[in-house]
Amino acid sequence: MQHLVDVTPILENLNDAQREAVTAPAEPTLVIAGAGSGKTRVLVHRAAWLIDVEGLSPQSLLAVTFTNKAAAEMRGRIESLLDMPVAHLWIGTFHGLAHRLLRRHWREANLPQNFQIIDSDDQLRLIKRLLKNLEIDDSRWVPREIQYFINGQKDEGLRPQHLDDDGDPNRRQMIALYQAYEEVCQRGGLVDFAELLLRAHELWRDNAELLEHYRRRFTHLLVDEFQDTNSIQYAWLRLLAGDTGIPFVVGDDDQSIYRWRGARVEHIYRFQKDFPSARVVKLEQNYRSTATILNAANAVIANNNARMGKNLWTEGSDGESIKVYAAYNERDEADFIIARLRDWIDQGNLRADSAVLYRSNAQSRVLEEGLINAGIPYRVYGGLRFFERAEIKDALAYLRLISHRDDDSSFERIVNKPTRGIGARTIDIMRSYARANSCTLWRAAGAVASDELAGRAANAVHAFMQLIERMAQDVAGLDLQEQVDHVIHASGLIDFFKKDKGEKGETRVENLLELVSAARSFEPDPASEMSPLDEFLSHAALEAGEGQADAWEDCVQLMTMHSAKGLEFPLVFLAGMEDGLFPHQRSIADPNGLEEERRLCYVGITRAMQTLYVTYAEQRRLHGMDNFSQPSRFIAEIPDEHIEEVRPRVQVSRPMHTPRRSSAGRAASAPGNELGVRLGQRVRHGKFGDGVILNCEGQGAHARVEVNFETAGTKWLVLSYANLDLM
Ligand code: ATP
Ligand code: MG
């Protein structure tokens, strides 16, 4: 094989195990390896190898990645290895690939040609409307639970007719709602995310010829992040592979973090059963992180029982210690992080090489606020999604209704936005009509405006319908960007938000204008049979959540630990490392839940290449509530030798009035300072046990503190008598 190194760059910079995987013969292969060991790299090189050395056409490869961004990156890397474009290579997420198939074969999939994708918000709204129509009490039948039920069944490949109520009336009702929901979607040509996968699976399952066609075409199936495939995704792959397809999958059982969304790490075992001849390759050398970071990650994950077990090592240097910062509260935490980011940028580093990771989406708000005040550009990756902002969804709803009058969710969203005198009662009348006549709201509106409604309401509905018809005529023949521009103005949305004088209204107007820019930079597929507008709308639905419009700017990356999977950054902060927040409260009592949280922590730590900060706040206001927490148990699982505490904890024996200095160079200004104790400080009392200081008052011998004890409740104690141990 050595001579090949000379003729192809494909084998350069690969170690022996990686080469074994890349050049493996055409047989099922499972690469199972820890974080940063080059799994994604192997997948990219494998694709290039198959095309360049094995002489396969790019058409015969199907590559599955976890995000659209990863798909774009993978394509770019393959192209640069091959030094040529690979336009006909199918790379995408499971959802993206399923969508592509359904667009091509909408007839066989029993969908209208211009079917619309609905995201999870649209889906929830649809369910709420359905309950209302059926006059079902939504406090007893909670829409979110119904949504969870429906998606869960679809992820398992189950339609209502496959489900048995087992004599349980609750379950019977859920199944009936699933059935009713399906009918509404089918009538309106609406496809939710779970439906994309299920429909694509059924498409192949029920069309032998089509399946045969794709089996002949896609002989090699490459899958990244295999540990997080759900049942329907696995079934889809399995079906495509048949007896002849050659799957090449890479994954890490320690990074399985989507069980709550239906992912099943067991697919790794299932794969070995389904493909008994599968070659298993392990990669053990990590190329990403310093030895310190890697050892910390290994030590944390070693606390999990359910593991395949592997040994990750690096040739790299020890690097810096992991810095742990105990913040007084969430603002102090944000200030600390921002000060460190400032240093990083001032030293000439790229902002995009730094990332702040957190467990819960809501944590981003304070960080964002701080970054805005500091004038540091940032991007919320997968969070505050451009296409999910309310005003953007309003504009998209107009565009959808223009291209697809039968889209009930869009109709409802904008029929009275901006307000045009179509009240809840009028909408109810339209709904009942639509229900009684099994028609769409658009048709119902026309009918009731002519027959049932009184003068003013009828006029308002007629005016709305005329507006939509007129806009449809006006945009015909315009290019996409002009269409969007026309609609945001003619709909009255821009004027509506301009009237909202605050910062919010201004941002909304800016966002709407940004939608025009998004349309401008959108490149429709010339081979597509869809109109550019329909393509743009599908794109908006699929892309929601993956990067904002200003993705090209150099900016600090903010994201949840979940979204960070597969990525790497020289500088990483893990913020909010508190028990209750991370591990999440609802997982603490459940061993499986706790293990999944620990895998998430492993993912978080292993994103860092050089420098890792771990921060926690002793007091945090989140979702409008104040919490006092212990540092995350995961911090304690990192061996001390890898840790450097940035701010020494305060001792009660320190002289009073000595201002404590945090590493950020500020005097800590928490109340209770002069007493030598802090709010949020953990203490132990001989009789009452462990607790947290909630409040302090008074001076000298009169100084008192209010302590919330874990078992004894809240008590005021005089400091000079209480004999509190600070922890
Ligand atoms: P994760 O589990 O986080 O998805 P991974 O196993 O997919 O990680 P990669 O992202 O492919 O790992 O690789 C991690 C880093 O190591 C990348 O920067 C990659 O370029 C680098 N790398 C991988 N293999 C080698 C190698 N043989 N020589 C030099 N660098 C390598
Ligand atoms: Mg990877």
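Predicted model: local features only at pLDDT ≥ 70, side-chain atom pairs only at ≥ 80, totals over all residues.
Trainee: Which loop holds glutamate 135?

Mentor: Glutamate 135 sits in the loop between α6 (120-133) and α7 (143-155). Helices (H or I, at least four residues) and strands (E, at least two) are DSSP runs, numbered from the N terminus. Residues are numbered from 1 along each chain as its sequence is written, chains are lettered from A and ligands numbered from 1 in the order in which they are written, and side-chain values use heavy atoms, with hydrogens and water left out.

Trainee: Is glutamate 135 buried or exposed?

Mentor: Glutamate 135 is exposed, at 69% relative accessibility. Buried means under 20% relative accessible area, exposed over 50%, partly exposed in between (1.4 Å probe, protein chains only).

Trainee: What about its phi?

Mentor: Phi of glutamate 135 is near 55 degrees, a positive value in a residue other than glycine. Most residues other than glycine have a negative phi.

Trainee: And glutamate 225, where is that?

Mentor: Glutamate 225 is in the loop between β6 (220-223) and α11 (231-241). Its phi is positive too, about 50 degrees. Glutamate 225 is buried, with a relative accessible area of 11%.

Trainee: New topic. Which residues come nearest to ligand 1?

Mentor: Lys39, Arg41, Gln255, Glu568 and Arg607, out of 19 residues around ligand 1. A residue is near if one of its heavy atoms lies within 4 Å.

Trainee: What classes are in that shell?

Mentor: Three nonpolar, 10 polar and six charged residues. Ala, Val, Leu, Ile, Met, Phe, Trp, Tyr, Cys and Pro count as nonpolar, Asp, Glu, Lys and Arg as charged, and the others, Gly among them, as polar.

Trainee: Which helix gives the largest share?

Mentor: Helix α3 (residues 39-52), with three residues. By domain, at least three residues come from each of domain 1 (8-106 + 198-285) and domain 3 (289-385 + 545-671). Those bounds come from an automatic or database domain assignment.

Trainee: Now aspartate 253. Where is it?

Mentor: Aspartate 253 lies in the loop between β7 (246-251) and α12 (267-274). Aspartate 253 is buried, at 7% relative accessible area.

Trainee: What does its side chain pair with?

Mentor: A polar atom of that side chain lies 2.8 Å from the backbone nitrogen of methionine 308. The side chain also makes a polar contact with the side chain of lysine 310 (2.9 Å). A polar contact is a pair of N or O atoms within 3.5 Å; within protein, one must be able to donate a hydrogen and the other to accept it, and residues adjacent in sequence count only if both atoms are side-chain atoms.

Trainee: Last one. Where are the cis peptide bonds?

Mentor: One joins lysine 417 and proline 418, with omega about -5 degrees. Another joins phenylalanine 582 and proline 583, with omega about 5 degrees. Proline 418 is in the loop between α17 (408-414) and α18 (424-436). Proline 583 is in the loop between β13 (569-574) and α25 (585-588).
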